[in-house]
Amino acid sequence: MAFRRCHLNPKKTLFLLCDIQEKFRPSMPLFDNMVKNVDKLTKAGKVLDVPLVVTEHYPEKLGKTVAEVDISHAKAVMGKTYFSMMTPQVKSVIKDIFGEKPQDVVLYGLESHICIEQTAIDLREQDINVYIVADCCCSRLKQDRDLALERLRQAGCIITTSESVIFDLVRDKNNPKFDIVRKLVNPISQDMELARNPAKL
């Protein structure tokens, strides 16, 4: 399962947005900052034609994806009870999109130490490159998020940020979508109080 480090290619990349639902807002102190970063990343993905799949954990009780994030372009918005996003239904949608599987998955949402971690491990077991967007991930405790990011790095994931993902997908100022994307990234990303020790990121 060696990580094949390469630049992100919109045609070979999938965005997975995990369980950013309204009921989680009160219990996560960095939730609102995360949502702003998520909105930037998700809008950029839409502009760059990167396919998006969204899950909602037990939406009958926990509600829908927050209204601030536009997921109207998602290939699927699917409820789940599994902690991992990699349910049989999601796997089927991914196969429909890519024929088999994407080269790279950009994964973000919550909670970092539960659903994000389990999803990432399932993807790595399929030999898929996984990019965890640290400033678009949240847990009720920052220590849970930071330790999850450390474990996921050890598991072979790349820990990155929303702007790094966006610019890697764009690659060139002469990209015809650059002017649209530039307007999205002009506002600085929100601080998610990530551990400052590089060894833990």
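**First stop: His-57**

Select His-57 and then the residues it touches, which, leaving aside those up to four places away in sequence, are Asp-19, Gln-21, Leu-62, Lys-80, Thr-81, Tyr-82 and Phe-83, where a contact means heavy atoms within 4.5 Å. The model is a predicted one, in which local features need pLDDT of at least 70 and side-chain atom pairs count only at pLDDT 80 or more, while totals for chains, interfaces and linings use all residues. Residues are numbered from 1 along each chain as its sequence is written, and side-chain values use heavy atoms, with hydrogens and water left out.

Next, colour strand E2, residues 52–57, in which His-57 is found; strands are DSSP runs of E with at least two residues, helices are runs of H or I with at least four, and both are numbered from the N terminus. Is His-57 buried or exposed? His-57 is buried, because its relative accessible area is 14%, and buried means under 20%, exposed over 50% and partly exposed in between, with a 1.4 Å probe and protein chains only.

Now show the side chain of Lys-80, which is joined to that of His-57 by a polar contact of 3.1 Å.

**Second stop: the whole chain**

Zoom out and switch to a cartoon view, where you can follow 7 helices and 6 strands that run β-α-β-α-β-α-β-α-β-α-β-α-α from the N terminus on. Finally, display the C-alpha trace, which spans about 45 × 35 × 35 Å along its principal axes.

Technical notes:
Polar contact = N/O pair within 3.5 Å; in protein donor to acceptor, adjacent residues only side chain to side chain.
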